[in-house]
Amino acid sequence: MGDVQIRTSADATPAADVDMSTSLGRLDVPDPVFTASGCAAAGRELAPFNDLSALGGVVTKSIQVDPRSGRPTPRMAETPSGMLNSIGLQGPGIDAFLAKDLRWLADNDVRAAVSIAGGSVEEYARLAGRLRGQPVALIEVNISCPNVEDRGHVFACDPNAAAAVVAAVKRNAPTSVPVFAKLSPDVTDIVAVAQSCVDAGADGLSLINTTLGVSIDTVTMRPTLAGITGGLSGPAIRPLAVRCVWQVHAALPDVPLMGIGGIRTGTDALEFVLAGASAVQVGTVIFNDPSAPSRISAELRTALAARGFERLRDAIGLAHRPPAIRVPEEADPLGDEQPEPDPVRRHVSFDDASTVTFEAERRRDNASNVTVNEGNEGD
Amino acid sequence: MTPVQVQGEVLSVKQVGAYLSMTVVASGVAEQARPGQFVAVAVGGDDGAMLLRRAFSIYQVAQRGVYGGTVEFVFSVAGKGTAWLAGRRPHDTVDIVGPLGQPFALPKEPARCVLVGGGYGAAPLFSLSDALRKRGCRVDVVLGAATADRLFGALDAKRMAASVAFTTDDGSYGEQGRVSDVLPEVIERTRAEVVYACGPMAMLEAVTRVASESYGGAGIPVKVAVEESMACGVGVCMTCVLPVVGDDGVTRMTRSCIEGPVFTGDRIRWDSLGAVPADALGAMAQFSTAGQMAR
């Protein structure tokens with residue numbers, strides 16, 4: 001990424017010139033935009049509003065071994081720039097899914113990223129096995145499910161449980177199909193869970209799933225949702241999601257990531273790409289704008305062109321590059337030598353007696369990357 | 001019928017009794033719409049904080065001018081989203097998706113029909129009445145509301161129906177009581193063969209019961225358009241579900257946006273609204289009590 005020229009002006013090259021292709025493990029796709037699980041059913045309902053075959057793919061609603069009714073209503077509550085849901089993974093079960101939904105996706109040349117969910121490691125393994133010989137482009141493992149064999153503890157919140165699921169899926173899944181684990185942000189150390197999933201064989205990671213919330217109806221003075229807690233999604237969680245992508249990409253720069261969380265525009269998608277995502281998924285915003293996946297793909301292309309990119313791949317993780325070095329106006333007349341930068345001070349004291357500590361870390365390209373290592377220092 | 005998404009120009013926002021009526025140029029929606037279908041409208045603008053679409057049944061459509069068809073829907077200001085809609089002015093743009101959902105099925109042969117509406121839920125009944133009368137059906141109407149100013153379409157109903165009965169909860173117009181109080185008499189008097197209804201869920205349940213118990217328990221078919229809370233309107237969010245018995249006798253948590261909003265009344269598990277019946281396909285015992293699990 002070191003040789004990329006970045007233009008900050010908006011003098012766009014024609015949008016069509018941007019190569020939008022990307023790679024997710026063994027899977028190469030012509031476009032980085034996918035629909036997110038649980039926000040597109042199995043794709044068909046969005047066909048009137050999007051050219052689904054032109055997208056990276058459709059991530060299906062999480063499919064389980066048996067049909068599931070889901071939870072009682074109300075299942076949804078609108079919140080500022082987001083929503084809470086407690087659908088309860090309503091779905092037809094793997095048999096009906098393969099016969100109807102997956103068949104429809106294949107017949108319409110839509111790349112199917114199949115999300116699977118289970119209540120035990122064995123269920124995940126069975127589901128992965130059922131996908132052998134099926135037209136599946138990618139498997140996304142929804143590990144934000146309660147483990148019935150461990151008092152309902154969520155797999156995604158325990159690095160060992162998450163790894164056990166991923167390993168079981170990898171053992172049973174078709175070998176040519178990349179397996180992505182979808183991580184929950186409701187953990188203390190998302191890098192630890194990410195590392196654990198990768199060590200267990202995950203070809204990539206999708207992040208993030210929803211984060212738990214509660215809404216109280218002040219008229220009834222009861223929880224708004226029948227399920228009490230719900231998953232918070234939408235633009236409200238975008239900075240949380242970008243942070244997770246940032247941290248995981250910084251720790252595991254060679255692992256392909258799918259960025260998910262409140263993407264509403266092409267520049268929102270670009271944030272995730274710059275933070276380290278090789279692809280993005282559009283979720284809750286589909287409820288607001290059913291044509292959002294295609295629109296965001298077009299907007300991302302325009303945003304990349306406006307910044308001088310010829311390839312999406314060149315933008316992946318670019319926000320992690322070292323800070324630009326300012327060249328003084330009266331530069332060396334030879335003009336071909338970079339002046340030595342001032343040494344970086346690790347401790348800066350301010351006149352209000354506060355101190356900000358900087359920490360320099362070595363990155364794989366040996367460039368020095370300076371990050372502010374102090375949380376919540378904003379206003 | 002393929003739904004379309006259009007950036008529609010607002011032609012008018014009018015006060016109609018206690019309600020508002022908005023007319024939008026929505027080419028492609030108007031031309032395809034059939035009685036009972038609805039539109040899903042985005043509120044708050046492209047960068048607003050309200051993400052969920054508001055669903056409104058279509059009151060009427062028209063072919064007008066060079067801009068294409070127009071769609072008119074009725075709403076009341078119940079929260080921030082509808083307040084935003086109420087603040088739209090002519091030439092503003094609203095993002096509208098439609099037509100959505102299953103329309104009212106019409107009798108193949110001329111039949112005597114009673115149309116029952118509650119509040120502004122009556123809106124889709126007027127285009128339904130036109131369609132029924134084109135088929136040679138007799139149309140009688142029952143309109144009910146809490147108060148007189150919340151009766152929607154009283155004049156239209158008087159103009160088009162063979163007879164109209166009004167009820168209000170407070171007796172400020174028509175008979176004091178509920179539509180289901182007068183419906184048995186209307187069915188008997190008009191020798192009705194079909195009932196259509198649109199309005200609050202409790203009203204639809206009562207209307208379904210009356211229709212099923214009519215003619216000494218023989219019963220007549222009743223088609224109801226439900227008002228379930230929706231997030232997307234297009235079938236992807238799974239929030240607008242209700243327990244409905246399928247042709248195979250199996251109860252499923254069924255999307256009211258795709259399979260509905262019009263259902264045959266006696267197919268809805270009215271006693272289980274807001275719950276998952278234990279015999280529903282894929283019902284989980286732990287959801288009979290409030291769940292605590294992550295998605």
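In helix 3 of chain B (residues 125–134), the buried residues include B:L125, B:F126, B:S127, B:L128, B:S129 and B:L132. Helices are DSSP runs of H or I with at least four residues, strands are runs of E with at least two, and both are numbered from the N terminus. A residue is buried if 20 or more other C-beta atoms lie within 10 Å of its own, exposed if 12 or fewer, and partly exposed in between, with C-beta atoms placed from the backbone. Helix 3 of chain B is followed by B:G136, which has a positive phi near 85°.

The model is predicted: local features need pLDDT of at least 70, side-chain atom pairs count only at pLDDT 80 or more, and totals for chains, interfaces and linings use all residues. Residues are numbered from 1 along each chain as its sequence is written, while chains are lettered from A and ligands numbered from 1 in the order in which they are written.

Chain B contains six helices and 15 strands. Its C-alpha atoms fill a box of roughly 55 × 55 × 40 Å along the principal axes. Of the 295 residues in chain B, 51% are buried.

Chain B also meets chain A. Here 36 residues of chain B are in contact with 48 residues of chain A. Contact requires C-beta atoms, placed from the backbone, within 7 Å. Ala, Val, Leu, Ile, Met, Phe, Trp, Tyr, Cys and Pro count as nonpolar, Asp, Glu, Lys and Arg as charged, and the others, Gly among them, as polar.

In chain A, helix 6 (residues 266–275) packs against helix 8 (residues 292–306) at an angle of about 65°, with the axes 7 Å apart. Helix 6 of chain A is therefore roughly perpendicular to helix 8 of chain A, a term covering angles of 65 to 115 degrees. From helix 6 of chain A, A:G266, A:T267, A:A269 and A:L270 meet A:I296, A:E299, A:L300, A:T302 and A:A303 of helix 8. This contact comprises five nonpolar, three polar and one charged residues.

A:L300 lies in helix 8 of chain A. A:L300 is buried because 28 other C-beta atoms lie within 10 Å. Leaving aside residues up to four places away in sequence, A:L300 touches A:V33, A:G266, A:A269 and A:L270. A:Q134 is 166 residues from A:L300 in sequence and 31 Å from A:L300 in space, C-alpha to C-alpha.

Technical notes:
Contact = placed C-beta atoms within 7 Å. Axes fitted to C-alpha atoms, helices over the stretch in contact; angles between N-to-C directions. Parallel < 35°, antiparallel > 145°, perpendicular 65-115°, else oblique.
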